[in-house]
Amino acid sequence: MNTDIHRLLDEAFQGVEMTPDAQDLKEEVRANLIARVDELEASGSSPAEAARLAIAELGDVRDLLDGGRDAAAPAAPESAQAAFLRHRVRPKSGFVVRTVVLSLIAAVALVLLVLGAFAIVPVGTAGLVALGLAVSLPLGIVTADALRQETTTNHPLPTGRAVGFGLATFGGLEALALGAVFAVDLTAVGVLVVAALLLVASIVAFSWLAATQTNRKKAWTRAAWNLEVSNRFEDEPETAARFGIYTAVIWIVTFAVIVLLIFTVGWWWGLLAFVGGFAVMMLVLANMMFGARRKP
């Protein structure tokens, strides 16, 4: 065994405080030096020469100790700017293009609709209805599409809910557009009826979406959903609260539709609306009490 390597290694570590880390490093270096000495001896060097060359290749052991401390040092905390850049959500090019194109279509259609309503551009009643669709439909799509995009502060909305908000937006805007058409042509009673129904449907949709926008839609709630047990009204007070909200909305809408039908198509249609409202309320009650548990 080449004993020179041990003597030279001890000399290299002279003056170094032998902490546990330094001792571990010394033993690791010793194993590497022995292997290196074996290689040099195999290539023809004498034992003394091989030990000297191996120690020379090692360099200053203090540099090795300083390098070990640097590697073990904790990483510097990430700056706010670096964290912002790392978490930044960049707009998707396809979404930007769709939004710009649909917004331009809606803007042009809105201008033509206003010009047609004031008889500056002759488009007729059918043309006004078409222009109303050209305004409300693109903006409804933009709304749903935007809610499906992740932002720096929000996760994407589930597709079903995003589409629901888009349809509600379309219904409300289309109702306003048809109301404008009726204001221009007072003989278009059918247009007014459709506008009123769309407006009511839009209000119902917005109310339902807002009332059901709870924590169960969030990612951490969905992850823990399977671990929870629910017995509807007994274990979920928020379910009972939602049923109360649904009931109020159902009957408000029902009475609005009854009044609308009585003054437009006849009082007997009001009875049909009452039966329909009662049936919807019972279906909602049955679903919330005995239906399958809803997944987030």
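The protein chain holds 12 helices and zero strands, and its elements, read along the sequence, follow the pattern α-α-α-α-α-α-α-α-α-α-α-α. The model is predicted. Of the 296 residues in the protein chain, 31% are buried, and among contacts between residues at least 6 apart in sequence, 65% join residues at least 24 apart.

**Packing of α1 and α2**

- Helix α1, which covers residues 4-12, packs with helix α2, which covers residues 20-42, at an angle of about 140°, and their axes are 10 Å apart.
- Because an angle is called roughly antiparallel only over 145 degrees, the arrangement of α1 and α2 counts as oblique.
- The crossing that α1 and α2 make is right-handed.
- On the α1 side the contact is made by Ile5, His6, Leu9 and Asp10, while on the α2 side Lys26, Val29, Arg30, Leu33, Ile34 and Val37 take part.
- Sorted by class, the residues in the contact of α1 with α2 comprise six nonpolar, one polar and three charged.

**Packing of α2 and α3**

- Helix α2 also packs with helix α3, which covers residues 47-58, here at an angle of about 130° and with the axes 9 Å apart.
- This angle makes α2 oblique to α3, and α2 passes α3 in a right-handed crossing.
- From α2, the residues Val29, Leu33, Arg36, Val37, Leu40 and Glu41 meet Pro47, Ala50, Ala51, Leu53, Ala54, Ile55, Glu57 and Leu58 of α3.
- The contact of α2 with α3 divides by class into 11 nonpolar, no polar and three charged residues.
- Val29, Leu33 and Val37 of α2 are named in the contact with α1, and Val29, Leu33 and Val37 are also named among the α2 residues that meet α3.

**Aromatic pairs**

- The structure holds three aromatic pairs, one of which is formed by Phe165 and Phe206, a tilted pair with 6.3 Å centre to centre and 50° between the planes.
- Trp251 is buried, because its relative accessible area of 18% falls under the 20% cut-off, whereas Phe274, at 40% relative accessibility, counts as partly exposed.
- Ring pairs join Trp251, Phe255 and Phe274 into a cluster.

- With a relative accessibility of 36%, Ala256 counts as partly exposed.
- The C-alpha atoms of Ala256 and Val200 are separated by 8.2 Å, although the two residues are 56 residues apart along the chain.

Conventions. Residues are numbered from 1 along each chain as its sequence is written. This is a predicted model: local features need pLDDT of at least 70, side-chain atom pairs count only at pLDDT 80 or more; totals for chains, interfaces and linings use all residues. Side-chain values use heavy atoms; hydrogens and water are left out. Rings of Phe, Tyr and Trp (its six-membered ring) pair if their centres lie within 6.5 Å; planes under 30 degrees apart count as stacked, over 60 as edge-to-face and the rest as tilted. Buried means under 20% relative accessible area, exposed over 50%, partly exposed in between (1.4 Å probe, protein chains only). Axes are lines fitted to C-alpha atoms, for helices over the stretch in contact, and angles run from 0 to 180 degrees between N-to-C directions. Helices (H or I, at least four residues) and strands (E, at least two) are DSSP runs, numbered from the N terminus. Angles under 35 degrees count as roughly parallel, over 145 as roughly antiparallel, 65 to 115 as roughly perpendicular and the rest as oblique. A crossing is left-handed if the near helix is turned anticlockwise from the far one by less than a right angle, and right-handed if clockwise. Contact means heavy atoms within 4.5 Å. Ala, Val, Leu, Ile, Met, Phe, Trp, Tyr, Cys and Pro count as nonpolar, Asp, Glu, Lys and Arg as charged, and the others, Gly among them, as polar.
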